[in-house]
Amino acid sequence: MLKKILASAGAVAIIACGPLATGQIGQSIYTGAVENYHSPYLSITNKSFERGYFSSNAVSRIELKNQLKAEFAEQGLPTVWLVKHHIENGFLGVKSTSEFVIDKQIAPVVNQIWGKNVAPMQIVTDSGFTGSTHFIMTINPMDYKKKDGVSAISDKFVVQGEFDPENSKSQFSYSLPALTITTPDKESMVVNNIDGEGQGQMQGNFWIGHQTFSLENAKFTASDQHQFIAIDGVNVAMNNALSQPQGEKNPTEATQQVTNTNTIQVAKLTTLDGQHYQDIAFKLALKDLNYKAISQLAAMEQSPQATQDPAQIKQAMLALDLLIAHGASVDLSQLSVKTPQGVVNAQLLLNIKPGLEHASTNLTAVTDQLSGNINIVLPEALVAKEPLLAAKLPILVNQKIVTQQNGNYQLQVKIVADQLEFSSGAKLPLAMMALLLH
């Protein structure tokens with residue numbers, strides 16, 4: 001009997017200590033997440049953390065960075081935000097609910113847009129003992145209308161996903177059914193059914209993994225209500241993948257490379273002048289870029305400094321040298337659109353052979369490393385509508401650089417050993433291409 005009592009007491013003690021243990025884990029998860037968060041767009045710091053037995057309360061300070069900060073400041077919007085977190089310490093995990101701290105300065109605007117006592121945004125996370133976390137972020141519906149004609153009306157915007165700290169990978173999805181915005185000048189934007197998802201991890205300035213985005217339709221109407229831009233059936237996909245060069249005997253971080261692939265499809269686009277373009281397709285891959293070099297260039301591009309000093313310029317040149325020395329490919333495998341005058345098609349492939357050192361001090365040598373091909377088809381009816389093309393292309397036809405057949409102009413070029421080889425058999429030094437198309 002005593003053993004049963006002791007066992008029962010032990011079980012009760014374990015269960016009673018559960019919230020205390022998860023309280024410690026919850027604080028560790030929270031502080032660890034704050035300390036390890038890195039983004040080129042914002043920074044997060046811990047302002048306070050009060051740990052209790054069954055629950056804890058914390059406040060985070062979020063500050064925008066770089067260009068995003070400048071844009072918010074230019075619009076008179078806050079660049080620093082406080083977020084309060086209520087953390088519940090359960091036996092099997094930690095649940096956190098986070099909301100923006102609404103101060104006296106922004107409370108009137110928040111009340112007008114979302115209503116009184118309505119949090120603009122709420123984030124709910126569930127974390128287990130291992131730190132694996134599921135999250136749901138909800139931006140509540142907006143119903144903002146002013147007498148001057150300004151309005152912003154939206155459905156609920158939801159982002160949800162999971163984060164696994166063991167391998168730093170995450171997955172997410174988001175959805176916004178409808179958004180309508182009007183201005184005092186009666187300009188309007190109507191967007192329907194935005195959806196997206198992604199899976200991967202953030203490494204420095206790059207998302208390693210895939211993301212997709214889709215849009216059912218959107219319409220942007222001018223103040224006169226007659227001119228508008230409309231877009232239907234948009235699908236976008238992006239993928240970044242890391243690898244090592246084929247046959248690399250000593251793979252290291254220095255030899256690591258990234259391939260970026262982007263595809264865009266648009267069912268229909270209507271422009272301000274009433275032209276309709278259909279079946280727009282775009283696929284571009286930047287292959288086998290040296291990851292160290294491209295990361296350095298990306299970090300410099302994110303720099304808040306408007307001008308770069310000589311040391312930064314030298315650093316950029318060294319990164320460019322490293323990128324070219326390792327070689328790369330630019331593969332525009334598809335660029336096509338159905339216009340009222342016919343179908344436009346284009347493909348471009350450029351390969352930079354590895355091995356060229358100090359390219360920035362000898363740019364002419366880069367052409368010796370290039371190979372690839374170019375193929376462009378333009379309908380004659382479309383060319384006739386563009387004065388510059390209409391004047392230039394007949395000259396290129398006479399020079400046997402461009403061919404004309406079946407109602408189209410076509411440019412077919414191979415890049416071989418610093419030479420341009422055209423479909424007509426004509427050859428030109430690569431350096432002269434820019435002069436011909438000027």
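Predicted model: local features only at pLDDT ≥ 70, side-chain atom pairs only at ≥ 80, totals over all residues.
Trainee: What does the secondary structure of the protein chain come to?

Mentor: Eight helices and 22 strands. The protein chain has 438 residues, and buried residues make up 30% of them.

Trainee: And what pLDDT does the chain average?

Mentor: The average is 83, and 85% of the residues score at least 70.

Trainee: Where does pLDDT stay under 50?

Mentor: Over residues 1-25. For that stretch the model has 22 contacts beyond four places in sequence.

Trainee: Of the contacts between residues at least 6 apart in sequence, how many join residues at least 24 apart?

Mentor: In this chain, 51% of them do.

Trainee: Helices next. At what angle do H4 and H5 pack?

Mentor: Helix H4, residues 291-301, and helix H5, residues 310-326, pack at about 150°, and their axes are 8 Å apart. Angles over 145 degrees count as roughly antiparallel, so H4 and H5 are roughly antiparallel to each other.

Trainee: Is the crossing of H4 and H5 left-handed or right-handed?

Mentor: Left-handed.

Trainee: Which residues meet there?

Mentor: H4 brings Lys292, Ala293, Ile294, Gln296, Leu297 and Met300. On the H5 side they meet Gln312, Gln315, Ala316, Ala319, Leu322 and Leu323.

Trainee: How do the residues of that contact divide into nonpolar, polar and charged?

Mentor: Eight are nonpolar, three are polar and one is charged.

Trainee: Switching to strands. Where is Thr133?

Mentor: Thr133 is in strand S6, which covers residues 133-139.

Trainee: Buried or exposed?

Mentor: Thr133 has a relative accessible area of 13%. The cut-off for buried is under 20%, so Thr133 counts as buried.

Trainee: What does Thr133 contact, leaving aside neighbours within four places in sequence?

Mentor: Thr125, Asp126 and Ser127, and also Gly161, Glu162 and Phe163. Gly161 is 28 residues from Thr133 along the chain, with the two C-alpha atoms separated by 8.5 Å.

Trainee: What about Gln211, where is that found?

Mentor: Gln211 is found in strand S12, residues 206-221. Its relative accessibility is 28%, so Gln211 counts as partly exposed.

Trainee: What does Gln211 touch, not counting residues up to four places away?

Mentor: Phe172, Glu197, Gly198, Val236, Ala237 and Met238. Phe172 is 39 residues from Gln211 in sequence, and the C-alpha to C-alpha distance is 9.1 Å.

Trainee: And Leu286, which strand is that in?

Mentor: Leu286 is in strand S15, which spans residues 276-290. At 27% relative accessible area, Leu286 is partly exposed.

Trainee: Which residues does Leu286 touch, with those up to four places away left out?

Mentor: Val258, Thr259 and Asn260, together with Ser329 and Val330. Separately, Leu286 and Asn240 are 46 residues apart in sequence, and their C-alpha atoms are 9.6 Å apart in space.

Trainee: One more strand residue, Lys414. Buried or exposed?

Mentor: Exposed, with a relative accessible area of 52%. Lys414 lies in strand S20.

Trainee: What does Lys414 touch, not counting residues up to four places away in sequence?

Mentor: Gly372, Asn373, Gln419, Leu420 and Glu421.

Trainee: Last topic, backbone angles. What is phi of Asn117?

Mentor: Phi of Asn117 is near 60°, a positive value in a residue other than glycine.

Trainee: Why point that out?

Mentor: Because most residues other than glycine have a negative phi.

Trainee: Where is Asn117 found?

Mentor: In the loop between helix H3, residues 107-114, and strand S5, residues 121-127. Asn117 has 84% relative accessibility and counts as exposed.

Trainee: And Asn406, what is its phi?

Mentor: Asn406 has a positive phi of about 55°, although it is not a glycine. Asn406 sits in the loop between strand S19, residues 403-405, and strand S20, residues 408-416.

Trainee: Is Asn406 buried or exposed?

Mentor: Asn406 is exposed, with a relative accessible area of 74%.

Notes
Residues numbered from 1 in each chain as written. Heavy atoms only, no water. Axes fitted to C-alpha atoms, helices over the stretch in contact; angles between N-to-C directions. Helix = DSSP H or I, 4+ residues; strand = E, 2+ residues; numbered from the N terminus. Parallel < 35°, antiparallel > 145°, perpendicular 65-115°, else oblique. Left-handed = near helix turned anticlockwise from the far one by under 90°. Contact = heavy atoms within 4.5 Å. Nonpolar A, V, L, I, M, F, W, Y, C, P; charged D, E, K, R; others polar. Buried < 20%, exposed > 50% of the residue type's maximum accessible area, 1.4 Å probe, protein only. pLDDT = per-residue confidence, 0-100.
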